[in-house]
Amino acid sequence: MFEHRSAAWPRIGRRLAALLAAAWLALPVAAGASPALRSGDVIEIAVAGVPALTRRATVGPDGRIAYPVLGMVDTAELSPPQLQALLQEMLAARNVVQRPVVSVDVIEYRPISVGGDVARPGEYRFQPGMTVRNAVALAGGYDLSRIEGRATPVQLLEARSDYGAAGIELVRQEARAARLRAQLAGTEQLDPSRLRDLPVDPIVRADILGAEEQQLQADLAAQHRERAYLERLVEALREQHAALVNAEAESAVALSRQSQSINRARELLDRSVGTMARLDDAQRGETQSRAQLFDTRARLAEVGRQIEEATQRLDAFDNRRRAGLLDGLKDAVAEAGKARFRLDSARDRMGAGGGSLLRQSGVAALAVIHRRVRGVPQRIEATADTELLSGDALEIADATPDRLAAGLPRRTP
């Protein structure tokens, strides 16, 4: 009878988890709920009446965002309304916009990761107000087959597959980060030290590293071409400007001479030794010279504007490139962290499948939240009603003696 009831538990658990997941996804965000912004969250900032200041920004690992005219803005774990008020104060204080009306909307929260003893470990969409219980429901509920006994062969195969995939993804992201660091340092060599001890076939690791080295060379070549083009453009515009300055001077001299010709023609006409035709020719020549001078000055002003724009592009080239590389590096580091968490989770699942697990009556499970606050890792013991934040990594582990001996905290079921 006990075996029959135990066999029915996975079916009951899956149905209950599906109902809980559906109910959670159907719930709207609570009115007034406004969690603090976290690293990886994507927000959209708009200023009423100033479309040029509408921007999407990603909160970096250091808790800051890049915003035009203000530079790097520290969100300091602010909620969207608090950030909205801060931006309004900063724009007004710097006289960028008078009485600015700013809106801050979260476009995409950084997903949470759920691993350990759940039916479907992985990443899930975060919603404000989400608790550990909601996250477990989204992940298919507790993995009752493991809590009741030992991992099945299918689960072990899945864990090994997840382990291999996570290892390759970790190598890929670490190699990408190494390429971006090399570009930021201005070197043509990658530093492979972070990849040497990763659990991946050396051939696969070498292939990934080789691809990133080729990408590094291509990026450096493109960078040099773009800078050389901007430098040539500025030089050509300056040469054109110098030629127009000379042409302006020549046109001014020609106009002066035409004015003198008109005066002589009038004197001769007054003395009855000149002709009206000669005066008309002199006046037409003056009109042409004046038009040519105005045209030259207009072209000179346009070329001056083009020189200013090209010079600004050249001056901002390194800053734009560095900002893009830093954004890419932040993304690579975040993705590497996710892959490392999945790797550790898969390793735990493989290790837990080697033998029988001792049990007390009922299902005793515990939760640990791995969270980074301003780049500092934190480990938080949680209950089912503990609220999560975007980007959290949630580990669900059954409270078996071997788990507790490994240093995981005990929680009363």
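## Salt bridges

A salt bridge is a side-chain nitrogen of Lys or Arg within 4 Å of a carboxyl oxygen of Asp or Glu. The model is a predicted one, and by the stated rule it contains 20 salt bridges.

A second pair connects two helices. Asp219 and Arg179 form a salt bridge in which the closest N and O atoms are 3.2 Å apart. Asp219 lies in helix H6 (residues 202-270) and Arg179 in helix H5 (residues 153-185), so that distant parts of the chain, 40 residues apart, are linked by the pair. Arg179 counts as buried because its relative accessibility is 12%, and the cut-off for that class is under 20%.

Arg347 and Asp344 form a salt bridge whose closest N and O atoms are 2.7 Å apart. Both residues lie in helix H7 (residues 276-351), at a separation of three residues, or about one turn of the helix. Arg347 has a relative accessible area of 37% and is therefore partly exposed; Asp344 is likewise partly exposed, at 33%.

Elsewhere, salt bridges that share partners join Glu123, Glu335, Lys338 and Arg342 into one network.

## Contacts of Leu300

Leu300 is a residue of helix H7. Its relative accessibility is 14%, and Leu300 therefore counts as buried. When residues up to four places away in sequence are not counted, Leu300 touches His241, Leu244, Val245 and Glu248. For Leu300 and Glu248, which are 52 residues apart along the chain, the C-alpha atoms are separated by 8.4 Å.

## The sheet S2-S1-S5

Three strands make up an open sheet with the order S2-S1-S5 and antiparallel pairing. Strand S2 (50-58) and strand S5 (102-108) stand at the edges, and because each has a single partner strand, one side of each is left without a neighbour in the sheet. On average, neighbouring strands of this sheet are turned by 20 degrees against each other, direction ignored.

Strand S1 (residues 42-47) pairs with S5 in the antiparallel sense over six bridges. Val47 has Val102 as its bridge partner in S5. Helix H2 (residues 80-93) lies across S1 and S5 and runs at about 140 degrees to S5.

## The aromatic pair

How many aromatic pairs does the rule give? The count comes to one aromatic pair. The rings of Tyr109 and Phe126 have centres 5.2 Å apart and planes at 75 degrees, so the pair is edge-to-face. Tyr109 is in the loop between S5 and strand S6 (112-116), and Phe126 is in the loop between strand S7 (122-124) and helix H3 (132-138); the pair therefore ties together parts that are 17 residues apart in sequence.

Tyr109 counts as buried because its relative accessibility is 18%. Phe126 is also buried, with a relative accessible area of 4%.

Methods: Residues numbered from 1 in each chain as written. Predicted model: local features only at pLDDT ≥ 70, side-chain atom pairs only at ≥ 80, totals over all residues. Heavy atoms only, no water. Helix = DSSP H or I, 4+ residues; strand = E, 2+ residues; numbered from the N terminus. Buried < 20%, exposed > 50% of the residue type's maximum accessible area, 1.4 Å probe, protein only. Contact = heavy atoms within 4.5 Å. Pairing = 2+ DSSP bridges. Axes fitted to C-alpha atoms, helices over the stretch in contact; angles between N-to-C directions. Phe/Tyr/Trp six-rings, centres within 6.5 Å; stacked < 30°, edge-to-face > 60°.
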